[in-house]
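Visitor: I am new to this structure. Please pick one part, take a close look at it, and then show me what lies around it.

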Amino acid sequence: MSAVTGRAWRFGDEINSDLLAPGLYMKSSNEVMARHCLEAVDPTFAAAVQPGDIIVAGHNFGIGSAREQAALSLQILKVGAVLADSFARIFYRNALNFGVPCLFFPHARDVSAGDRLRVDAVAGTVENLSTGRTYRVDPIPAHLMEMILDGGLMPHLKKKLGKGRAA
Amino acid sequence: MAATLVEKIIARAAGKPAVRPGEIVTCKVDLAMILDSGGPRKIWPRLKELGVGVWDREKIVVVSDHFVPAVDAETAAILKLARDFVKAYDIPHFYDMQGICHVVLPEHGHLQPGMFVCGGDSHSTMGGAYGCYMAGFGGIEMTGVVITGEIWTRVPETIRVDWTGTFGAGVTAKDVMLFLCRRLGMDNAFTAVEYGGDTVAAMSMSERGVLCNMAAELGCETGVIAPDATTLAAIRAAGREPRPDALSWRSDADATYLARHAFNAAELQPQVAAPHAPSNSGPVEDYRGVRIDQAYIGACVGAKLSDLHMAAEVLKDRTVAPGVRLLVAPASQKVYAAAAADGTLRTLTDAGAIMLASGCGACAALGAGVLGDGEVCISTTNRNFKGRMGAATAEVYLGSPYTVAAAAAAGHIADPREFLP
């Protein structure tokens, strides 16, 4: 999964956990919650996002609650990566644990909604295939990359523990 | 090597003589707090899937506070699952509908200076008022903690914030935090905030808790306050003896901070945060006259006994304005009982307050008191993001219990100092 290609979805600063996972649906299943992801800022997002699409946002993406649904909804919607100026700590950790790569990307303003992007989290590159520009970004820290390449914490733990029903 | 309190606790938990900011270490967890919302409900199926148990049942505390009491089949099932989990794993520390976790934990003596604690809620930072390193994590990471008793962390830089002097009437720790959200911003990930100065030293544990709770709004890993005689007295009041080394958990005088900020408490005015972020704040004067539909006194940060006392001070011999509803959800059963015993509840209900169960409730649109389309609320809670308390078109203002009570009486946002004796 090291490289993903998809369309860009543009969002602004401080996209918080209540926007990603509205409290009214916290009691619902993960799948129901995912259908309401970001609806308060873009009602079309959850229905229209395609596997591999990439979120491009401003600073402090994911600020707020510890609710894992904020990150899990992006995994369920098969978002390929999140590129943002900066991330809130709990969201960042949750997302990596669900195998959703998060990369610090200070060039959001160069990206328009719908641009085709190719993101390589291991190599640390973002290519905007629509504009032809390529950016270097810090790759994901090595201690986390192994887990992300496994698909997140659960597959990683399964491998590490060497047991479990699915093994 | 000189170190901050946060660095000392992480070094101890990581089994290293010292750590430096930026270093990634694996820490042994002293206590794991998990909740109905993102705890057993998320963790138990994963334990089953992996075919593993919990690392240490004595070091796990389960609190049901988010969906209490159940209002429908879904929330009833979530709460039942938590009870079944506790039975299945024979977890000795379970607080079912006893109040909000961040208030319940210290009430029952679970926190001691120097501990490294993981909590399944972002406002777990509140434990830092006891000189702990306590940080919030999602259910997926708490799954790992509950299985292994370990977690990785990137050692944060520490920001030091000092307050000196005495607050004017009607100014509280909540006003400090709404001011700091504006001043320091909410984008402080991978840093910790340490509070000090004589203003903080003079604060009750309840007010110190507000500073550490809303470290989450600053985006910090955690917020801490070095323990002192006030801390030790609170631990004893919870029926525990402070550990012998309790007072040794403090930053060295020559520790290195990422930044130092100093503020004068006497200059701070009551603050209000406008929709839709705690950082969108200013002096109450800027918002005077904003009409409200609902006033909410609730949450870990804003419905402790001292918060209810503040509200009662304003509402004594007053009534809630026509067309406004004032909802009060005490932060814990212990708070509820104490407020009943000392007459505070009587003052509030005489004024027209509607009492709700202890729990997270309306703060996060999980329980009683959610907002409808276009409604305006002023709340003692810690967050006012779009949709936080219900409808995405609702507008939430944040303020101290004084400010919220004053708005309830006036029917619009007002300066609480005009309502104090």
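Guide: Start with a term. A residue is called buried here if 20 or more other C-beta atoms lie within 10 Å of its own C-beta, which is placed from the backbone. Keep in mind that this is a predicted model.

Now to the part itself: helix α2 of chain B, residues 40-50. Its buried residues are Pro40(B), Arg41(B), Lys42(B), Ile43(B), Arg46(B) and Leu50(B). What covers them? Part of the cover comes from chain B itself: β2 (31-35), β3 (60-64), α3 and α5 are included. Part comes from the other chain, where α7 (153-161) of chain A is included in the cover. Look just past the helix as well. Gly51(B) follows α2(B), and its phi is positive, near 70 degrees.

Next, the contact between the chains. It takes 41 residues from chain B and 40 residues from chain A. On the side of chain B that touches chain A, α2(B) is among the elements giving two or more residues; the others are α3 (73-89) and α5 (139-148) of chain B. By class, that side of chain B has 17 nonpolar, 13 polar and eleven charged residues.

Step back to chain B as a whole. Its domain assignment gives domain 1, residues 5-263, and domain 2, residues 271-419. Their centres, taken over C-alpha atoms, are 24 Å apart. The two domains touch: 33 residues of domain 1 of chain B are in contact with 32 residues of domain 2 of chain B. On the domain 1 side, the elements that give two or more residues are α4 (101-107), α6 (173-184) and α8 (205-213) of chain B. The largest share, six residues, comes from α6(B). The residues of this side divide into 15 nonpolar, eleven polar and seven charged.

Chain B also has an open sheet. Four strands pair in parallel, in the order β10-β9-β8-β11. At the edges are β10 (223-224) and β11 (259-264) of chain B, each pairing on one side only. Look at β8 (157-164) and β9 (191-196) of chain B: six bridges join these parallel strands. One bridge partner pair is Thr158(B) and Ala192(B), the latter in β9(B). Helix α1 (5-14) of chain B lies across β8, β9 and β10 of chain B. It runs at about 125 degrees to β9(B).

Seven of its eight residues are buried, so α4(A) is largely enclosed by the rest of the structure. The buried ones are Gln69(A), Ala70(A), Ala71(A), Leu72(A), Ser73(A), Leu74(A) and Gln75(A). Their cover includes α1 (17-20), α2 (30-34), β3 (81-84) and α5 (89-97) of chain A. Just after α4(A), Lys78(A) has a positive phi of about 60 degrees.

One last stop. Leaving out residues up to four places away in sequence, Gly58(A) touches Gly12(A), Asp13(A), Ala84(A), Asp85(A) and Ala108(A). Gly58(A) and Ile15(A) are 43 residues apart in sequence, yet their C-alpha atoms are 8.1 Å apart in space.

Key. Residues numbered from 1 in each chain as written. Chains lettered and ligands numbered in written order. Predicted model: local features only at pLDDT ≥ 70, side-chain atom pairs only at ≥ 80, totals over all residues. Contact = placed C-beta atoms within 7 Å. Nonpolar A, V, L, I, M, F, W, Y, C, P; charged D, E, K, R; others polar. Buried ≥ 20, exposed ≤ 12 C-beta atoms within 10 Å, placed from the backbone. Pairing = 2+ DSSP bridges. Axes fitted to C-alpha atoms, helices over the stretch in contact; angles between N-to-C directions. Domains from an automatic or database assignment.
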